[in-house]
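Subject: Model handover

Hello,

The structure is pasted below, and my notes on the chain contacts follow it. Please read them alongside the coordinates.

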Amino acid sequence: MMAAFVIAFVVGGLICVIGQLLFDVAKLSPGHTLCLLVVSGAILDGFGLYEPLIDFAGAGATIPITSFGNSLTHGALQEAEKHGLVGVITGMFEVTSSGISAAILFGFIASLLFRSKGRP
Amino acid sequence: MKRLAASAGLCLLVAGCGAGGEEIRVSGGEPEDNRKVQEILGEEEQITSAVAVFVKEDLLVGVEVSPFNRYRKAKIEEELTGKMEKAFPDETVTLSADLKIYWETDKLEELEEEDKLHKKVETIKSLSKEET
Amino acid sequence: MDRQAYTQLEQQTTPKTPLALNLLKAFVTGGIICAIGQGIMYFYMYFFDFTERTAGNPTVATMIFIAMLLTGFGKYKRIAQFGGAGSAVPVTGFGNAMISAAIEHRTEGYVLGVGGNMFKLAGSVIVFGVFSAFVVALIKTILVKFGVVGW
């Protein structure tokens, strides 16, 4: 059990280090970095490499934004397996929905509850 | 707390007797079948512990894969399911390396009532089939 | 001032942050967030009927909920200042981007302000995520059709 936490910590931390390298060394903006990570998550799943990583690291692989690209691809591939090419489009949000719907929902709730504390 | 201590003691006992120092608990079947499961799972080195329960025509197995073999979890599951099905052709084998299945199978041992047991088995089966 | 002179000036004036320290901070922050996620995942697995495979979804939703509270009370900004990418890369960063945009643009009204600005940063992530997922899935499906690779 403890090992799972340590592995999640290390793997999640390493993915964030990659992000920081993209920030500092490649001088990318946060937006570009996040997009790049999402795209690489999608590509990794195309090669079937992201699922083993999730099996290995648990939340260390599902919490970073890379898993977003992975689950988009995963849903698309799952549907494609069942329905052929059309499934690529229809299955896209099959798996991902929780992250996006949660972000939209809580974003809206936050705008009802909290006031902006001046310009950042 | 008492139960925890008792089960921990049982684990130690079983681990002490089992091959390779792994924790493997089997219950609910004929003594011969129980031993067979022990042997099959005992050979696997990637497994740190396992729980197997026979319930009528079902054989439910929860295994815990050692941390650095976890990335091959899906493959290990497949291999073991194949082995189990070969060894017990009459039973419906449900095997998973998922921690949830492991926990639930563990709880099965304590359940006595028939219908509750049946319900639990069905839940475990449906859980193990679920995808993402 | 032309472009070159400007970049030169910018490089001179921005304080140099030591790379190794930044990486360490990102590692620790990201690692802690993921370890908390692992704890939440075990919580969902233990008390509800989720498996390791399915527990990821409620975990992500819960993490975003936590991000909402932290953003709303202005704490996430501090974490972001310390952790850099360590706070931006996990989904909490994605949530923070959407939530802070929603809070900030509330004064412009709910429809145009909140609804319109929520996806400012998050939108590009979704767009590129969906597009790349589409391309990858399309290529793989076609390859499978021709029997080059299996599922």
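Between chain C and chain A, the contact (heavy atoms within 4.5 Å) takes 67 residues from chain C and 73 residues from chain A. This is a predicted model, in which local features need pLDDT of at least 70 and side-chain atom pairs count only at pLDDT 80 or more, while totals for chains, interfaces and linings use all residues. Residues are numbered from 1 along each chain as its sequence is written, chains are lettered from A and ligands numbered from 1 in the order in which they are written, and side-chain values use heavy atoms, with hydrogens and water left out.

Chains C and A bury about 6,000 Å² between them, 78% of it on carbon and sulfur atoms; buried area is the accessible area (1.4 Å probe) that two parts lose on being put together, summed over both. On the chain C side, F27(C), V89(C) and W151(C) lose the most area to chain A, together 11% of what that side buries.

There are 2 salt bridges between chains C and A, a salt bridge being a side-chain nitrogen of Lys or Arg within 4 Å of a carboxyl oxygen of Asp or Glu. The side chains of E51(A) and R53(C) form a salt bridge at 3.3 Å, N to O. Helix 2 of chain C gives the most to the side that touches chain A, with 17 residues. Helices here are DSSP runs (H or I, at least four residues), as are strands (E, at least two), numbered from the N terminus.

For chains B and C, 13 residues of chain B are in contact with 10 residues of chain C. About 1,100 Å² is buried between these two chains, 56% of it on carbon and sulfur atoms. The count of salt bridges between chain B and chain C is 3. K73(B) and E52(C) meet through their side chains in a salt bridge (2.8 Å, N to O).

What does the side chain of R70(B) make a polar contact with? Its partner is the side chain of E52(C), at 2.7 Å; a polar contact is a pair of N or O atoms within 3.5 Å, and within protein one must be able to donate a hydrogen and the other to accept it, with residues adjacent in sequence counting only if both atoms are side-chain atoms. R70(B) sits in the loop between strand 3 (58-65) and helix 3 (73-87) of chain B. Leaving out residues up to four places away in sequence, R70(B) touches D55(A), F56(A), V65(B) and E52(C).

Regards
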